[in-house]
Amino acid sequence: MATGANAAERFPVLSDGQMSPEQKAVADAIRSGPRGSLGGPFNAWLRSPQLADRAQKVGEYIRFHSSIPARLNEFAILISARHWNAGYEWYAHYPLALKAGLKPQVAADLARGRRPAGMAADETAVYDFCTELRRDRRVSDRTFAAAKAALGEQGVVDLVAVSGYYDLVSMTLNVAEVATPRDGALPLPDLK
């Protein structure tokens, strides 16, 4: 992962004075919303203000209003972070997943690239759905049925959305080389 200096070389942090009126309007909307800051992918996304505005609105729904319970939603986000080896995304969502009730051992196994032991049935449904969707680019009838039983139809659609949105976030973070703070949180080992 890049250092802070490398991240700044790719997409220097924009001050309000450097932003176009369109960028400033999007930045203000993000800062005044539930996130409260321009961390993560938002500094990079501001280079395309219309994309930033649309993506942050989708992300607000997925993160704060999804039909998926927070524990499972955060687990799906961690699965995206692990898939993309996105250290910053892991750093940002690992504590949220634990706060929402994900067992630390489930997260630790996932971080090491292992199928987590001790998952609850609904966690197994989410894990199987998210990993099969990425691996096979579709899900089997059995995997779909398990996800539908655990989450309902809206939940299945929201699970596809959380996977796709956080893939976009993770790709952006990796391209921008957003540095991962080192504060003692469970790090995401590089499995390349």
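## Rings, a kinked helix and a pocket

Arg 137 is exposed, with a relative accessible area of 67%, where exposed means over 50%, buried under 20% and partly exposed in between, for a 1.4 Å probe and protein chains only. The model is predicted, so local features are reported at pLDDT of at least 70 and side-chain atom pairs at pLDDT 80 or more, while totals for chains, interfaces and linings use all residues. Residues are numbered from 1 along each chain as its sequence is written, and side-chain values rest on heavy atoms, with hydrogens and water left out.

Arg 137 sits in the loop between helix H8 (121-136) and H9, helices being DSSP runs of H or I with at least four residues, numbered from the N terminus. Its phi is near 65°, a positive value in a residue other than glycine. Most residues other than glycine have a negative phi. Glu 177, in the segment after H9, also has a positive phi, of about 55°, although it is not a glycine.

Helix H9 itself covers residues 141-176 and spans only 37 Å between its end C-alpha atoms, whereas a straight helix of 36 residues would span 52 Å at 1.5 Å a residue, the expected span being 1.5 Å times one less than the number of residues. H9 contains a kink of about 110° centred on Leu 151, the bend being the angle between axes fitted to the seven residues ending at a residue and the seven starting there. Leu 151 lies 8.6 Å from Pro 69, C-alpha to C-alpha, although the two are 82 residues apart in sequence. Pro 69 belongs to the loop between H4 and helix H5 (70-84).

A search of the whole structure finds six aromatic pairs, a pair being two rings of Phe, Tyr or Trp (its six-membered ring) with centres within 6.5 Å, called stacked under 30 degrees between planes, edge-to-face over 60 and tilted for the rest. Among them, Phe 42 and Trp 45 are edge-to-face, at 5.5 Å centre to centre with 85° between the planes. Both residues lie in helix H3 (residues 42-45), three residues apart, about one turn of the helix, and both are buried. Tyr 88 and Tyr 91 have ring centres 6.0 Å apart and planes at 50°, so that pair is tilted; being three residues apart in helix H6 (residues 87-99), these tyrosines are likewise separated by about one helical turn. Ring pairs also link Phe 42 and Trp 45 with Tyr 165 and Tyr 166 into a cluster.

The accessibilities of several residues named above are set out here.

| Residue | Relative accessible area | Class |
|---|---|---|
| Pro 69 | 43% | partly exposed |
| Tyr 88 | 18% | buried |
| Tyr 91 | 23% | partly exposed |
| Glu 177 | 21% | partly exposed |

On a 1 Å grid over the protein atoms alone, a pocket is an open set of points where a 1.4 Å probe fits, with protein on both sides within 12 Å along at least five of seven lines, and lining residues have an atom within 4 Å of a point. Of the 17 residues that line this pocket, the closest to its centre are Arg 35, Gly 39, Phe 42, Arg 63 and His 93. Helix H4 (49-64), H6 and H9 each supply at least two residues of the lining, and the largest share, five residues, comes from H6.
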